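The sequence and the structure come first, and the notes follow.

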Amino acid sequence: MRKTEVIGRMEIQSYKCPNCGGGLVFDPKTQKFKCEYCLSAFTEETLKEMEEAARKSEEASKPGGMPEAEKIESQKQAESKMVLYTCPSCGAEIVAQETTASTYCCYCHNPVVLSGSLDGKYRPDGLIPFEIDKKKAKEIFKNWIQKKKYVPDDFYSPRQMEYLEGIYYPYWMYSCQVSGEMQAEALQKRETSRYHLEKKAELPIKDVARNALKQADRSLAETVLPFDMKKLRPFQAGYFLGFRAERRDREKEEFAQEIEQEIKQYTRESLQNSVSGYDHVDIRNHRETITGEKWNYAMLPVWMMTYPDPKSGQMYYFAMNGENGKVCGVLPVDSKKLARLFLTIFIPVFVLLLLGGYLI
């Protein structure tokens, strides 16, 4: 069941267990909403049915709801620089960034969804739920890190692993249809002949993704791509429970020209690569036409971990695709381990060279 409160015109949603009233979280392993207290588990359909029944009961008991003007004002307030909200479980006041859509109360650890951050134009078209839980994510990270010989030991300590956090990141997804035409002159040296070539192609482009959050490392957030977009589900805020979620603060117009150029370049290269059997191909003319453009706003699951290097002060970021487990990031290097490697290789080689020179 969902408990909703409006505090300072910011709507807070706290999903409660229908059996005991404990907080619900989404379990990637079972794909169900699990109560951490009585261990009850519910499907999305079951919670929707319960929520609808509770809503109808509440409407029947009240003469009217929130006035429309007040709802509009509530949405405007949600878009302020910082958001002050009150935890519905313990009453603690917590300040969150304007892009934060889901988080934990740092006092009672109750998961809450700041639904005002996802109203109107900020409401996602869909999301892909986490399929990898925290335990499995830790195993994948640990196996990946332990294969790297020259990272600091504390980088994969149990304490460091606790910084692993599941976050729903916002992405813009672009799809279109592109038509390509190419005219070229081809040369076959053996026959000393030239040929006029014409090539055409119709290519469907699906779900070209761009990170829609300024504060995130764009290269890192996009390196975890791709996701299996066939697993995209209609948006349901309950999937955020137990994870952090960020609202977008970058609009699709920022990426439109870049993506269009990328798609046209891809089409040209595809047509050019389709030509074979000639010694030389000279492209005389080409044209790419994009139609049927479509944008979708999706929330995609990413496990993130940060590591502040105590010696250099540099912050390292690591990301894992929460759907397929793909890991990426730049590793810190332990200078002492590198020095030992240098000595174990350099000294024996140096001694051999000395001995060789002495004997000669």
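Two strands count as paired if DSSP finds at least two bridges between them. Helices (H or I, at least four residues) and strands (E, at least two) are DSSP runs, numbered from the N terminus. This is a predicted model, in which local features need pLDDT of at least 70 and side-chain atom pairs count only at pLDDT 80 or more, while totals for chains, interfaces and linings use all residues. Residues are numbered from 1 along each chain as its sequence is written, and side-chain values use heavy atoms, with hydrogens and water left out.

**Three-stranded sheet**
- Strands β3, β4 and β5 form an open sheet in the order β3-β4-β5, with antiparallel pairing.
- β3 (24-27) and β5 (41-42) are the edge strands; each has a single partner strand, so one side of each lacks a neighbour in the sheet.
- Between β3 and β4 (residues 32-35) there are 4 bridges, in the antiparallel sense.
- Phe26 has Phe33, in β4, as its bridge partner.

- β11 (residues 165-188) and β12 (residues 193-211) run antiparallel and are joined by 17 bridges.
- Ala186 has Tyr195, in β12, as its bridge partner.

**Cysteines**
- The structure has 0 disulfides, a disulfide being a pair of cysteine sulfur atoms within 2.5 Å.
- Cys176 is buried, at 7% relative accessibility; buried means under 20% relative accessible area, exposed over 50%, and partly exposed in between (1.4 Å probe, protein chains only).
- Cys328 is also buried, with a relative accessible area of 8%.
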